[in-house]
Amino acid sequence: MGSLGLKPIDTKTKIGPKMGVNTANGQKKNTVVVTEPEQEPASPATRLFHTKSLNCYIIAILGCTTKINRDVIKKGLESTLVNHPRFSSISVVDEKKGARKWVKTTVNVEDHLVCPDLDPDMDSPDEFLENYTSSLTTTPLDMTKPLWEVHILNVKTSEADGVGILKLHHSIGDGISIISLILACTRKASDPEALPTIPSSNKKEKKDKAGCFSRFCYYVWFSFMLFWNTIVDVVMFLATIMFLKDTDTPMKGGAEVGDSPKRLVHRTISLDDMKLVKNALNLTINDVVMGMAQAGFSRYLNRRYGGICSGNKKGKGSSKTNNLPNNIRLRGSIVFNIRPSTGIRALVEMMEKRSKAKWGNEIGYVLTRLPISLPDNPLDYIRQAKTIIDRKKLSLESRFSFRAAKLF
């Protein structure tokens with residue numbers, strides 16, 4: 001993270017200039033004007049993420065090819081991240097009105113940097129990282145400080161020489177906002193003064209040689225499908241809330257699953273391999289990822305059901321035989337960013353000049369089926385995923401869920 005050499009953060013919590021006021025006897029009396037800290041009402045999404053049943057955190061893990069210099073990170077944070085309004089405010093509840101709001105405060109970066117003293121020759125550093133990250137899910141943040149922390153673990157794992165973990169409250173912003181902000185705090189290795197370059201879409205609009213009539217027919221078809229898909233998805237959404245349930249499978253948690261401890265386990269997959277499949281099938285990375293998830297779920301359930309049928313207490317059976325029951329209903333939620341992502345340049349200017357850029361949680365989610373099967377061709381998983389995602393893109397379900405949550 002590069003240092004931009006900005007001025008120290010300034011808040012409105014300050015004593016104003018002395019002013020002379022004439023009294024009855026003609027003498028001047030000095031008065032002091034004290035302004036309140038800068039405040040901003042909390043959005044509906046912020047209030048929702050602070051409820052007891054949805055106290056949600058974002059944890060991001062970044063691996064580095066070198067040891068992480070704590071002083072460099074601290075200097076970078078002081079000149080970039082702490083100038084962001086959400087990273088320099090605390091969330092409080094107005095005692096009189098009972099409404100939650102953001103209140104500007106002075107940030108001491110030392111309070112947000114966690115750098116434990118670790119044994120560089122420890123056994124199983126990968127397991128240690130998983131245990132450490134999982135423990136962060138059970139430790140709440142200090143509500144008297146801005147709701148974020150940076151953990152620096154200078155331990156060599158199988159994939160990195162140093163690991164940085166960013167933990168922040170979801171009320172600060174959604175994933176797209178956080179990714180854009182992190183990129184805005186970095187600079188190119190080849191040019192320390194240049195912002196990272198973000199790939200743009202190379203799609204070109206196709207010229208319609210058939211003229212206005214074919215475009216009119218296309219718009220009519222598009223509008224009808226958008227309307228129809230939205231009606232169907234909203235009905236299914238409401239039915240899920242009221243009575244429609246998924247099949248009871250080994251993957252389905254119980255009523256108290258939300259309160260149980262979580263363990264974060266990750267697997268690194270080559271992005272080049274994913275791009276190879278994407279380009280060969282003319283898909284998107286999201287299509288490939290969802291297809292991989294479907295394949296993993298299907299094979300996992302097949303092994304579990306195979307173990308159950310064979311009486312294996314551990315639930316592990318053969319992956320070659322199809323042990324899946326018929327008509328499994330398994331669904332998941334896909335999160336959609338329903339607004340254009342905040343540009344990196346806009347975020348840099350916001351941190352430099354303390355200006356405002358569009359920020360917050362503006363995400364909608366859709367419920368989607370996850371076909372559980374064992375096709376002969378593994379690429380069929382990805383083709384199924386593309387069909388499902390394309391169908392969901394032609395619907396306003398994500399906007400409906402966002403508006404419904406905001407209204408609620």
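**Note on the sheet, cores and ring contacts**

1. Glu-40 stands opposite Trp-102, a residue of strand S6. The model is a predicted one. S3 and strand S6 (residues 100-104) run antiparallel and are joined by three bridges.

2. These two strands belong to an open sheet of three strands, ordered S3-S6-S5, with antiparallel pairing. Strand S3 (39-41) and strand S5 (89-93) are the edge strands, each pairing on one side only. On average, and with direction ignored, neighbouring strands of this sheet are turned by 30° against each other.

3. The largest nonpolar core has 23 residues; those touching the most other members are Leu-77, Phe-87, Trp-148, Leu-168 and Ile-172. Two or more residues of this core come from each of helix H2 (70-79), strand S8 (148-153), strand S9 (162-169) and helix H4 (175-184). The most come from S8, which gives three residues.

4. Leu-168 deserves a separate look. Leaving out residues up to four places away in sequence, Leu-168 touches Tyr-57, Ile-58, Phe-87, Leu-141, Leu-147, Trp-148 and Ile-178. Apart from the core of point 3 lies another core, of eleven residues, which include Leu-324, Ile-372, Ala-385 and Ile-388.

5. Tyr-57, one of the residues touched by Leu-168, also has a charged neighbour: Lys-167 lies over the face of the Tyr-57 ring, at 4.9 Å from the ring centre.

6. Seven aromatic pairs are found in the structure.

7. Tyr-365, at 35% relative accessibility, counts as partly exposed, because exposed would require over 50%.

8. Ring pairs also join Tyr-218, Tyr-219, Trp-221 and Phe-222 into a cluster.

How values were computed: Residues are numbered from 1 along each chain as its sequence is written. This is a predicted model: local features need pLDDT of at least 70, side-chain atom pairs count only at pLDDT 80 or more; totals for chains, interfaces and linings use all residues. Side-chain values use heavy atoms; hydrogens and water are left out. Rings of Phe, Tyr and Trp (its six-membered ring) pair if their centres lie within 6.5 Å; planes under 30 degrees apart count as stacked, over 60 as edge-to-face and the rest as tilted. Buried means under 20% relative accessible area, exposed over 50%, partly exposed in between (1.4 Å probe, protein chains only). A charge sits over a ring if NZ of Lys or CZ of Arg is within 6 Å of the ring centre and within 35 degrees of the ring normal. A nonpolar core is a set of buried Ala, Val, Leu, Ile, Met, Phe, Trp, Tyr and Cys residues joined through side-chain atoms within 4.5 Å. Helices (H or I, at least four residues) and strands (E, at least two) are DSSP runs, numbered from the N terminus. Contact means heavy atoms within 4.5 Å. Two strands pair if DSSP finds at least two bridges between them. Axes are lines fitted to C-alpha atoms, for helices over the stretch in contact, and angles run from 0 to 180 degrees between N-to-C directions.
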